[in-house]
Amino acid sequence: MQEKKISRRSVLAAGAGAALCMPFIRPAWAQTQTVRALMWEAYVLPDVVSKFEEENNVKFVATFFDGNSEAYNKLRVGGAKEFDLVQADGFWPQLYFRDGLIRSVDYAHVPSAANYLPEFHAEKFKVLTDPASGSKIGYPFCWGAYGITYNAAVVAPEKTGTIECMFDPALSGQLSTSARFEENIALAALLVTDRLGSREKPRPDGKPFNPYVLTDEELDGVKKLLIEQKALLLTRYQDNPTLFQLLQSGAVVAATEFAQVFRQLLTAKDRNPKQDFRHTLKMKEGGLGWVDTWLVTSGVEDGPKLDLCNKFIDRMISSEIMKRIGEVAGCSTTIDLRGISTEEERKVYLMDRSSEIADLFMFDQPSSPEKWERVWSNVQAA
Amino acid sequence: MSEAENRLNRRLFLHIPTVFLVIFFVLPLIALVVLSFWQTENYKIVREWTAMNYVTLATEPAYFIFFIRSLFMAIFVSVFSVVVSWPIAFFIVRHGGRYKLILSLLLAVPFLSGEVLRLIALQGMLGPTGLVNGVLLKLGAAPLRFIMYSNSATFIALVYLYLPMVVTTVYLSLLNFDFRLASAASACGANRFRIFSEIVWPLNLSGTIVGFLLCFIPTLSAALAPRFLGGPNGVLYGMSIAQQFGESGTWALGAAMGVVLFLFSMLVLGVFSLGIDLRRTGFTGMGRQ
């Protein structure tokens with residue numbers, strides 16, 4: 001039998017192999033639970049996450065997305081097993097629930113849910129109720145619109161009462177819109193359908209008008225309008241900090257956005273007193289609205305994991321954290337913070353205007369993502 | 001070492017990279033090709049064989065326009081990078097002295113930060129409130145509109161991103177070039193232009209082509225630079241592919257676009273490889289300078 005010698009090289013090789021394997025070998029007692037969230041980056045408060053991890057001996061792993069369709073795709077590809085919590089807005093939670101990607105929830109296990117503004121109470125806010133079973137499918141979080149933020153020192157306020165403002169040649173090179181294709185098309189659709197007078201006509205889905213369900217004629221009108229708009233835009237901003245800089249510097253005087261940048265501009269320390277930023281929530285042709293939510297994926301079963309998810313949501317919608325999120329992300333909250341806010345904060349964060357959400361068209365899934373993609377590509381290529 | 005151990009070592013040496021390449025390179029490519037012959041409807045994959053995505057690419061002018069934009073951008077960026085790289089690399093090789101290595105390593109400094117960070121920094125430089133236009137505005141001059149959210153801004157960004165690759169490749173080629181050949185030509189009465197055009201350039205052409213391709217291929221599929229800097233008219237092919245796999249959820253069409261890009265890149269590589277003669281790459285085997 002051949003005798004094997006233990007050489008220095010073999011010891012080093014074995015040591016290196018063992019060291020490389022160490023991160024993957026852990027005793028059972030050292031295993032911590034992980035809460036995995038698919039969420040918007042703006043809502044991450046590192047200190048809140050750290051405290052949650054510490055108190056519950058868990059690891060919180062966040063994955064970020066930009067738009068609903070992107071999150072939906074990620075959830076579908078990875079399956080609900082890849083994430084425990086997910087965020088969505090508008091009618092998207094209904095789609096998630098229909099596709100079995102999220103589960104029903106019980107507000108009784110999230111004490112902070114008792115502090116919702118009247119419009120977002122479980123029995124009133126039907127967007128998060130499954131029509132078939134009547135069960136709740138998620139928790140409202142922040143709300144807002146896709147309105148026009150403008151510098152009133154340059155743009156007359158009455159001009160922004162209509163979506164035409166974003167297509168005004170007089171503001172050429174000083175306009176900006178988001179890079180999200182759904183909202184660009186849906187907002188332009190409000191103007192096109194208003195001009196065509198086609199909202200009252202029978203709709204393709206047989207339901208009342210929804211700017212996310214359009215006829216081919218309307219889509220064609222949208223395409224022409226967006227191509228015209230291209231020449232007037234400085235850029236389509238990719239993120240809020242970019243838009244903030246563009247508006248604050250005066251390079252852009254009017255932009256469609258989620259009112260988040262508007263609030264950041266108002267609360268900025270180095271604010272230019274000559275600038276007078278204002279936000280139009282709803283234009284005469286209508287407006288788009290959103291309510292961000294927290295949803296629990298169908299991969300989470302009853303038990304410790306669901307308890308952890310509920311605890312996290314409860315923490316996130318607590319008054320103290322919601323106030324901070326409103327300040328950091330610049331959004332209005334669905335939790336009633338009027339008792340702990342100043343008059344100025346009530347005004348800036350639209351705390352007394354939450355009822356207006358009912359008049360806005362909620363963010364939704366495009367009737368045909370393929371058709372909408374062609375329209376958007378044609379606009380981009382024109 | 002026994003013959004059996006030797007064979008085992010040889011197998012491990014070859015099989016590990018082969019398995020790695022098959023799993024992470026060949027299989028994803030096959031998956032991409034398969035996906036390109038399926039369809040996506042309402043964010044769902046329909047597993048029915050169809051060439052519809054390729055028909056869409058052939059009939060919708062938008063995708064062709066994106067491709068042509070990308071192609072021109074890649075050609076301009078690569079040619080410009082080669083033109084700029086040559087004097088830089090030549091200077092380092094001929095006059096770098098004992099700092100040659102340090103100077104060549106300095107070229108890699110931008111790679112120490114991420115691509116997104118570099119692009120955001122560039123956005124700050126070229127934007128309406130950036131360093132360039134900020135200074136111009138302070139001086140009372142009009143801002144340079146062509147560098148703000150335009151194809152020019154994307155061009156600057158792509159040159160900034162890939163120039164170090166081209167310089168490094170040309171530098172390595174020149175480093176191994178036997179400059180005694182140039183001295184011999186000079187001694188025989190050739191002027192500088194003739195020495196460059198008939199000796200230095202042809203003997204380093206292969207290295208230059210490799211540098212060109214290292215810039216051309218990634219530029220052809222660039223997605224981030226046009227996204228951050230391109231503006232409303234700056235959408236390129238790679239950005240459109242990213243859009244199909246991201247917010248649009250039209251993955252099958254994106255896969256078809258990817259296959260077309262892959263085939264075109266292979267074609268370019270094939271054509272250019274005809275011009276590469278490894279015996280004439282500057283590696284003359286006659287020792288270094």
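1. What share of the contacts in chain B with a separation of 6 or more comes from residues 24 or more positions apart? Such residues account for 70% of those contacts, where contact means heavy atoms within 4.5 Å.

2. This is a predicted model, in which local features need pLDDT of at least 70 and side-chain atom pairs count only at pLDDT 80 or more, while totals for chains, interfaces and linings use all residues. Residues are numbered from 1 along each chain as its sequence is written, chains are lettered from A and ligands numbered from 1 in the order in which they are written, and side-chain values use heavy atoms, with hydrogens and water left out.

3. Chain B has 13 helices and two strands; these are DSSP runs numbered from the N terminus, helices being H or I of at least four residues and strands E of at least two. Along the principal axes, its C-alpha atoms fill a box of roughly 80 × 70 × 35 Å.

4. Of the 289 residues in chain B, 42% are buried, that is, under 20% relative accessible area with a 1.4 Å probe, protein chains only. Carbon and sulfur atoms hold 72% of the accessible surface of chain B, which comes to about 15600 Å² (Shrake-Rupley method, 1.4 Å probe).

5. The largest pocket holds about 1300 Å³ of space. A pocket here is an open set of points on a 1 Å grid over the protein atoms alone, where a 1.4 Å probe fits, with protein on both sides within 12 Å along at least five of seven lines; lining residues have an atom within 4 Å of a point. Its lining has 43 residues, and those closest to its centre are A:Asp66, A:Arg180, A:Gln238, A:Asp239 and B:Arg227.

6. Helix 11 of chain B gives the most to the lining of the largest pocket, four residues. Elements that supply at least two residues also include strand 10 (288-296) and helix 12 (369-381) of chain A. By class, this lining has 22 nonpolar, eleven polar and ten charged residues.

7. The second largest pocket has a volume of about 810 Å³. Among its 31 lining residues, A:Phe91, A:Val127, A:Asn210, A:Met362 and A:Asp364 lie nearest its centre. Helix 4 of chain A makes the largest share of this lining, with four residues.

8. Where does the second largest pocket lie? Domain 1 (31-143 + 291-351) and domain 2 (147-286 + 364-381) of chain A both give residues to its lining, so the pocket lies between them; the domain bounds come from an automatic or database assignment.

Notes
Points joined across faces, edges and corners; volume = space filled by probe spheres on them. Nonpolar A, V, L, I, M, F, W, Y, C, P; charged D, E, K, R; others polar. Buried < 20%, exposed > 50% of the residue type's maximum accessible area, 1.4 Å probe, protein only.
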